[in-house]
Amino acid sequence: MQVRIDFLKVSPAATKTLLDMEAYLARSSIERPLLHLVKMRASQMNGCAYCLDMHSKDARNEGETEQRLYALDAWREAPFYSARERAALAWTETLTLVAQTRAPDAEFEAARAEFSDSELVDLSLAIVTINGWNRMCVGFRAQAGSYRPRATAQMPHATAH
């Protein structure tokens, strides 16, 4: 596939908006390993190769195991995700497919059992943000493969786009 539009260069203001959201998330109440899982799961669902490449590299760079990354698509059947991670992944799926799921009460209550109200807002913003990146990257055909993680663990999502 060929890049349709390099949206990062064409619209720096739009890109800055997404980067500002990432900067907030880097300081948010949601732990970085969980943010990576959420970003990976939404990107799997949305078929975003660029974001899958980026977030798998970042997650591994920050200590995530290959086993957990490989099994993420089947997290419900895998024994190595915590109750908090499971609630976050279910909420990720629910909000990523919100037009179909309508965010049922049961999914909300399961997430609320593991997250404070403030954390649930931060988690939801993380899901909104990665879904935004996915739509930009898939829609404009961002090319996967060249991303290299930085040494710092506090890197915003798109500094290397």
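The model is predicted: local features need pLDDT of at least 70 and side-chain atom pairs count only at pLDDT 80 or more, while totals for chains, interfaces and linings use all residues. Residues are numbered from 1 along each chain as its sequence is written, and side-chain values use heavy atoms, with hydrogens and water left out.

Helix α3 comprises residues 32-46, 15 residues in total, and spans 21 Å from its first C-alpha to its last. That span is close to the expected 21 Å at 1.5 Å a residue, where the expectation is 1.5 Å times one less than the number of residues. Of the 15 residues, 11 are buried, buried being under 20% relative accessible area, exposed over 50% and partly exposed in between (1.4 Å probe, protein chains only). Among the buried residues are Arg32, Lys39 and Arg41, as well as Leu34, Leu35 and Leu37. The buried residues of α3 pack against α2 (12-26), α4 (49-61), α5 (66-70), α6 (83-96) and α9 (117-140), with contact taken as heavy atoms within 4.5 Å.

Gly47 also lines the second largest pocket, together with Met1, Cys48, Ala49, Tyr50, Cys137, Val138, Arg141, Ala142, Gln143 and Ala144. The elements giving two or more residues to this lining are α4 and α9. On a 1 Å grid over the protein atoms alone, a pocket is an open set of points where a 1.4 Å probe fits, with protein on both sides within 12 Å along at least five of seven lines; lining residues have an atom within 4 Å of a point. The pocket holds about 160 Å³ of space, a volume being the space filled by probe spheres set on grid points joined across faces, edges and corners. By class, the lining has 8 nonpolar, 2 polar and 1 charged residues; Ala, Val, Leu, Ile, Met, Phe, Trp, Tyr, Cys and Pro count as nonpolar, Asp, Glu, Lys and Arg as charged, and the others, Gly among them, as polar.

The structure holds 0 disulfides, a disulfide being a pair of cysteine sulfur atoms within 2.5 Å. Two cysteines are tabulated below.

| Cysteine | Relative accessibility | Nearest cysteine sulfur |
|---|---|---|
| Cysteine 51 | 1%, buried | cysteine 48, 3.4 Å |
| Cysteine 137 | 2%, buried | cysteine 51, 4.1 Å |

Methods
Helix = DSSP H or I, 4+ residues; strand = E, 2+ residues; numbered from the N terminus.
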